[in-house]
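Please examine the sequence and the three-dimensional structure shown here before reading the explanation.

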2 protein chains.
Amino acid sequence: MKAEIIAVGSELLTPDHLDTNSLFLTERLNDAGFEVQLKTIVGDSEDKIAGVLGDALRRSKVIIFSGGLGPTEDDLTRTAVAGVLHRTISIDPNLLEILRQRFASRGYSMPKINERQAEVIHGAEILHNALGTAPGMWIEEQGIYIALLPGPPRELKAMFDTGVLPRIQSLGRGRTLAKKVLHVTGMTESEVDSRVAPIYKACPQVQTTILASTGHIALRLYRWLELGEDPKDLDELASKIQEALGDAIFTDSGESLEQVVGRQLRESGLTLAVAESCTSGMIGMCITRVPGSSDYFRGGILCYSNEVKMNLCGVPAEVLQQHGAVSAEVAEALARGVRDNLNSSIGLSVTGIAGPGGGSAEKPVGLVFVGLSDGKRTAHWRRIIPGDRETIRERTTYFALSLLRRFLLHRRNTENAEK
Amino acid sequence: MKAEIIAVGSELLTPDHLDTNSLFLTERLNDAGFEVQLKTIVGDSEDKIAGVLGDALRRSKVIIFSGGLGPTEDDLTRTAVAGVLHRTISIDPNLLEILRQRFASRGYSMPKINERQAEVIHGAEILHNALGTAPGMWIEEQGIYIALLPGPPRELKAMFDTGVLPRIQSLGRGRTLAKKVLHVTGMTESEVDSRVAPIYKACPQVQTTILASTGHIALRLYRWLELGEDPKDLDELASKIQEALGDAIFTDSGESLEQVVGRQLRESGLTLAVAESCTSGMIGMCITRVPGSSDYFRGGILCYSNEVKMNLCGVPAEVLQQHGAVSAEVAEALARGVRDNLNSSIGLSVTGIAGPGGGSAEKPVGLVFVGLSDGKRTAHWRRIIPGDRETIRERTTYFALSLLRRFLLHRRNTENAEK
């Protein structure tokens with residue numbers, strides 16, 4: 001079944017705004033058995049909205065509008081849709097009363113202008129808005145279904161789930177999108193592709209996409225299932241790919257890398273402290289994005305200046321002098337020092353040149369060292385990371401978390417082997 | 001003059017992808033005098049692409065395609081466009097040679113499949129791709145101009161600037177979009193609107209939008225200018241709004257808040273250190289996003305545990321015990337302590353409850369304290385910030401940077417008055 005999304009709003013045609021509602025809508029429509037075949041973004045123009053709806057009616061079973069339901073003269077979705085369908089619009093007295101009460105409950109009298117939001121297209125069902133003043137509408141037109149939803153994401157999401165989803169689920173005839181997403185770290189996109197392409201090409205009924213983001217790669221497998229159909233071939237393909245990539249896959253359940261690392265620390269009863277130079281807080285911020293991270297994260301030091309590296313992380317002045325702040329020796333000293341000073345089981349450190357200045361032939365922009373220490377062992381890794389300042393910092397953060405994950409994985413395997 | 005953008009790619013119709021190229025294209029088209037009146041996102045289907053182009057030809061002077069120019073069977077923009085325009089497609093021998101050389105220069109022989117990328121629509125001008133294998137095309141069809149650009153953002157941007165911009169500038173007839181963006185911090189959206197609405201409503205020829213983002217509000221003024229027309233009314237409106245909002249506006253030149261704070265520190269010859277509890281690195285990360293921030297940022301302490309607050313930030317155990325980690329007293333002690341221990345002119349601290357757990361009736365989730373100390377004075381601010389964990393942390397970061405900005409502003413004004 002085919003659906004399409006029409007986002008209304010002149011602000012969505014400026015260089016500052018994207019229609020992000022469509023991501024939510026697409027996910028929900030897919031889950032209900034609908035494939036989104038087109039998205040259109042149109043300004044606050046009655047003619048344009050009408051033109052786009054006219055085209056949509058010729059090709060889609062379900063049409064979802066977002067935006068253009070506010071009280072001002074710019075809000076034209078209602079009138080444009082009514083015009084195309086040759087239907088009248090009139091004030092619904094019950095809806096008007098609900099709107100009045102909504103204002104009254106907050107101690108305001110309803111501005112005259114908001115009366116427009118009680119206008120209902122003839123034959124439409126009203127979708128009530130628990131979170132705002134703009135009601136939505138659900139319209140059937142010769143076997144095609146049109147939903148009018150408000151633009152603010154919170155209101156749109158709530159209204160879709162309560163008003164639209166129950167109505168379209170039966171239309172989707174039990175068709176569903178089965179999917180599996182595998183997240184990989186520590187490999188390049190072409191390395192991943194060269195390993196898995198022979199596998200997924202042998203299973204063309206499952207669609208496979210590979211997407212590289214900062215520091216990690218998402219392998220997305222999906223397949224439309226008719227009612228009662230089994231996602232067996234998708235599961236088989238996922239297993240084969242998991243076998244081929246081994247522990248380069250850090251999750252098949254949508255966990256973030258920091259969640260995985262947090263779980264590892266928690267399960268091993270270990271605590272962590274970080275010493276961050278070029279990333280200057282990005283790693284600490286990531287780790288603590290996870291609720292409950294205070295159970296295993298003790299804190300960190302943003303050792304941006306050499307003085308802080310020496311005074312708070314215990315890096316000897318001569319090591320800094322001899323090897324420079326961006327060096328394997330300093331990375332290891334930082335990891336040891338932050339572990340000691342913050343009294344944690346593990347110390348993780350980063351030092352590097354994020355640019356754009358500060359690079360040299362010997363130590364170019366993008367050169368980073370990661371250090372790790374667990375008291376028994378201290379190790380470092382070196383890499384030259386391409387990109388601009390912010391990309392280098394983000395990739396370094398991901399690189400450090402990936403190394404920490406492997407370090408913890410290896411540590412546990414070794415411990416198990418010793419038992 | 002009207003333009004529209006068509007993004008091609010089935011991945012853009014999944015829940016994971018947005019067409020972000022259109023933001024760049026819109027900005028460039030606006031600058032060249034074109035208003036973007038519609039954006040369409042369509043999958044890798046020849047029929048669908050053809051249908052959308054057919055509609056576009058009826059309404060727009062310039063049509064920009066992105067994507068669908070790769071070498072695989074999924075890449076259908078070339079054939080769909082040729083079909084609609086009733087033109088033939090043939091291999092261009094010169095282009096084929098250029099592609100072959102591109103591969104050869106990297107030590108590869110060109111795969112057979114890439115020959116498709118040498119296919120040119122009859123009558124099209126070739127737009128060369130300096131950064132990838134997919135060439136673009138520029139086509140005139142009865143006074144309407146169509147550009148075919150590759151999907152990867154780097155390639156698209158370079159090709160637009162070198163191949164499309166010079167061709168459309170003359171078409172725009174010197175029309176330009178004049179704009180001014182004012183960024184405000186420390187006020188709510190409705191406070192801003194109630195102060196400035198009477199001003200901008202008296203100047204309807206300038207379009208004014210107010211957009212609230214995490215921690216700050218953007219007031220965007222814009223107006224289309226015909227050739228030779230003066231943006232006088234836009235400048236006048238901006239001045240009046242600047243007068244009404246005073247120093248709540250932190251920039252009218254697009255600087256970020258961390259850039260403004262960095263400039264203030266640099267100009268005053270001051271250095272900064274941070275102690276972050278609930279934000280745990282977000283402030284340090286923000287400050288150091290600015291190249292050259294090592295000139296004024298000494299570093300920081302992620303004092304996630306009480307132990308770190310005591311041992312590294314000098315918060316007395318009895319203060320923690322008596323008032324709790326999230327308190328005005330601890331915020332001030334942290335600001336003083338991090339300033340002392342990192343030997344900076346200014347200490348900035350944050351302590352709060354980011355949630356979702358850890359709240360109480362007395363100290364709810366969202367409660368944050370910011371501390372500031374310059375040696376002479378130490379102060380704190382308290383606020384309850386709504387939202388989920390990540391929103392609370394982001395808003396706290398913005399709140400802290402806003403307070404630092406005001407603190408530095410006030411400090412300089414006081415110093416000037418004392419002179």
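Predicted model: local features only at pLDDT ≥ 70, side-chain atom pairs only at ≥ 80, totals over all residues.

Residues are numbered from 1 along each chain as its sequence is written, and chains are lettered from A and ligands numbered from 1 in the order in which they are written.

The same surface serves both copies, since 98% of the contact residues of chain B recur in chain A.

Where the chains meet, 50 residues of chain B are in contact with 50 residues of chain A; contact requires that the C-beta atoms of two residues, placed from the backbone, lie within 7 Å. On the side of chain B that touches chain A, at least two residues each are supplied by α1 (21-31), β2 (35-42), α2 (46-57), α9 (282-287), β14 (297-302), α10 (306-311) and α13 (389-418) of chain B. Helices (H or I, at least four residues) and strands (E, at least two) are DSSP runs, numbered from the N terminus. The largest share, seven residues, comes from β2(B). By class, this side of chain B has 21 nonpolar, 18 polar and 11 charged residues. Here Ala, Val, Leu, Ile, Met, Phe, Trp, Tyr, Cys and Pro count as nonpolar, Asp, Glu, Lys and Arg as charged, and the others, Gly among them, as polar.

Strand pairing also links the two chains. Strand β14 (residues 297-302) of chain A pairs with β14(B) in the antiparallel sense over three bridges, pairing being assigned if DSSP finds at least two bridges between two strands. In this arrangement A:G300 stands opposite B:L302.

Chain A itself is divided into domain 1 (2-169), domain 2 (176-251) and domain 3 (257-418), with bounds from an automatic or database domain assignment. The C-alpha centres of domain 1 and domain 2 of chain A lie 36 Å apart.

Strand β8 (residues 144-149) of chain A has two partners described here. Strand β3 (residues 62-66) of chain A runs parallel to β8(A) and is joined to it by five bridges, with A:I64 opposite A:A147. Strand β7 (residues 136-141) of chain A pairs with β8(A) in the antiparallel sense, over five bridges, and A:M137 stands opposite A:L148. The hairpin of β7(A) and β8(A) has two residues between the strands, and A:Q142 takes a positive phi near 50 degrees there.

Two helices of chain A complete the account. Helix α12 (residues 328-342) of chain A is mostly covered, with 12 of its 15 residues buried; a residue is buried if 20 or more other C-beta atoms, placed from the backbone, lie within 10 Å of its own. A:N343, whose phi is positive, near 60 degrees, follows α12(A). In helix α13 (residues 389-418) of chain A lies A:L404, which is buried because 24 other C-beta atoms lie within 10 Å. Not counting residues up to four places away in sequence, A:L404 touches A:V261, A:L348 and A:L372.
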